[in-house]
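Colleague: I'm new to reading protein models. Could we go through this one together, a question at a time?

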Amino acid sequence: KALREAYGPASAWMNLEALADSWDDPQVSEADFRRFWLNQPVPLEEPSPSIMPMWAVLADAGKPGPVAGIGVSMDFDRTTVSVGTASSDETRVLDLPRRERNGPWVTEYVKALQGDRVPEVVIDKKGPAASLIEPLRDAGVRVADFGLEDYVLSCANLFDSVEQAGLRHTNSDDLNAAVAGAAWRLIGDRRVWGRKLSDAAPLEAVTLALWGAEQPISTFNIW
């Protein structure tokens with residue numbers, strides 16, 4: 001009835017029952033429906049499903065608590081720096097407060113963000129952002145000694161937290177895009193975010209921030 005009212009006189013020559021059945025059929029993709037019934041152009045290939053389908057439902061419009069962890073990453077092409085944070089809330093809230101072209105702002109911003117609250121900023125010492133570690137330390141920023149083993153564990157930790165609905169995020173467009181395009185890179189029989197396969201820097205930044213927020217202060221190796 002609703003379809004007949006919506007299409008008006010045109011409904012007399014339309015197979016509305018077949019249209020409704022197609023819409024309800026779980027085996028019919030959105031692209032197939034749009035192409036066949038709406039005569040709309042669609043991509044020939046469906047986008048790959050997200051490796052973290054739960055991510056979208058974890059968006060939180062509330063204001064996160066004080067920052068407890070900070071992660072800094074850089075795009076594979078070394079042009080853009082992402083700064084991620086994890087809150088001190090019981091259910092961590094991840095945010096991407098700044099993502100801009102690499103420049104002098106990084107040191108000033110990260111130092112101010114760290115303040116006296118966050119024991120150490122987390123940067124992968126084998127990743128593209130490793131070149132930022134020395135300038136940050138020279139400026140008085142406390143940076144964690146974070147290597148490959150830590151990176152493997154931090155990626156697994158974030159993935160598990162998402163799957164178990166154990167965190168929230170601020171619905172940042174850049175971060176959402178990074179999650180949507182995220183892909184795994186194998187390290188032996190374990191996995192990390194694939195930097196060469198997608199723009200993983202925003203996701204990496206909050207991954208490191210979450211790892212930092214969950215470390216007991218006594219475990220930090222301060223340089």
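Colleague: Is Arg78 buried, exposed or partly exposed?
Modeller: Keep in mind that this is a predicted model. Arg78 sits in the loop between S1 and S2. Its relative accessible area is 40%. Buried needs under 20% and exposed needs over 50%, so Arg78 counts as partly exposed.

Colleague: Where does Ala165 lie, and what is its phi?
Modeller: Ala165 is in the loop between H6 and strand S5 (168-169). With a relative accessible area of 33%, Ala165 is partly exposed. Ala165 is not a glycine either, but has a positive phi of about 55°.

Colleague: Which residues does Ser161 touch?
Modeller: Ser161 is found in helix H6. Its relative accessible area is 13%, and buried means under 20%, so Ser161 is buried. Leaving out residues up to four places away in sequence, Ser161 touches Gly166, Leu167 and Leu210.

Colleague: Which element gives the largest share of the largest nonpolar core?
Modeller: That core has 31 residues, and those with the most contacts inside it are Met52, Trp55, Leu94, Leu158, Trp193 and Leu203. Two or more residues each come from helix H6 (148-163), helix H7 (173-180), strand S7 (190-193) and helix H8 (201-213). The largest share is seven residues, and it comes from H8.

Colleague: What is Leu158 in contact with, leaving aside its neighbours within four places in sequence?
Modeller: Leu158 is among the residues with the most contacts inside the largest core. Let's list its partners in sequence order. They are Met52, Leu94, Leu167, Trp193, Leu203, Val206, Thr207 and Leu210.

Colleague: How many residues are in the other core that lies apart from this one?
Modeller: Among the residues of that other core are Val72, Val83, Trp105 and Val121.

Colleague: What kind of aromatic pair do Trp105 and Tyr109 form?
Modeller: Trp105 and Tyr109 both lie in helix H4 (residues 105-114), four residues apart, about one turn of the helix. Their rings are 6.0 Å centre to centre, with 65° between the planes. An angle over 60 degrees is the cut-off here, so the pair is edge-to-face.

Colleague: And what about Trp184 and Trp193: what kind of pair is that?
Modeller: Trp193 is buried, at 1% relative accessibility. Along with Phe159, Trp184 and Trp193 form one aromatic cluster. The ring centres of Trp184 and Trp193 are 4.6 Å apart with planes at 20°, so the pair is stacked.

Colleague: Over which rings do the charged ends of Arg98 and Arg191 sit?
Modeller: Take them one by one. The charged end of Arg98 is 5.0 Å from the centre of the ring it sits over, that of Tyr109. For Arg191, the distance to the centre is 5.6 Å, and the ring is that of Phe159.

Colleague: Within what arc do the buried residues of H4 fall?
Modeller: The buried residues in H4 are Trp105, Val106, Val110, Leu113 and Gln114. On the other side of H4, Glu108 and Ala112 are exposed. Seen down the axis, the buried ones line one face of the helix, because they fall within an arc of 140°.

Colleague: What covers those buried residues of H4?
Modeller: The cover takes in both strands and a helix. It includes strand S1 (67-74), strand S2 (80-87), strand S3 (93-101), strand S4 (121-122) and helix H5 (133-138).

Colleague: Stepping back, what percentage of the protein's residues is buried?
Modeller: The secondary structure comes to eight helices and seven strands. The protein exposes about 12,500 Å², with carbon and sulfur atoms supplying 52% of it. Of the 223 residues, the buried ones make up 40%.

Terms used. Residues are numbered from 1 along each chain as its sequence is written. This is a predicted model: local features need pLDDT of at least 70, side-chain atom pairs count only at pLDDT 80 or more; totals for chains, interfaces and linings use all residues. Side-chain values use heavy atoms; hydrogens and water are left out. A nonpolar core is a set of buried Ala, Val, Leu, Ile, Met, Phe, Trp, Tyr and Cys residues joined through side-chain atoms within 4.5 Å. Buried means under 20% relative accessible area, exposed over 50%, partly exposed in between (1.4 Å probe, protein chains only). Contact means heavy atoms within 4.5 Å. Rings of Phe, Tyr and Trp (its six-membered ring) pair if their centres lie within 6.5 Å; planes under 30 degrees apart count as stacked, over 60 as edge-to-face and the rest as tilted. A charge sits over a ring if NZ of Lys or CZ of Arg is within 6 Å of the ring centre and within 35 degrees of the ring normal. Accessible areas come from the Shrake-Rupley method with a 1.4 Å probe; for residues, only the protein chains shown count as cover. The arc is that of the directions from the helix axis to the C-beta atoms.
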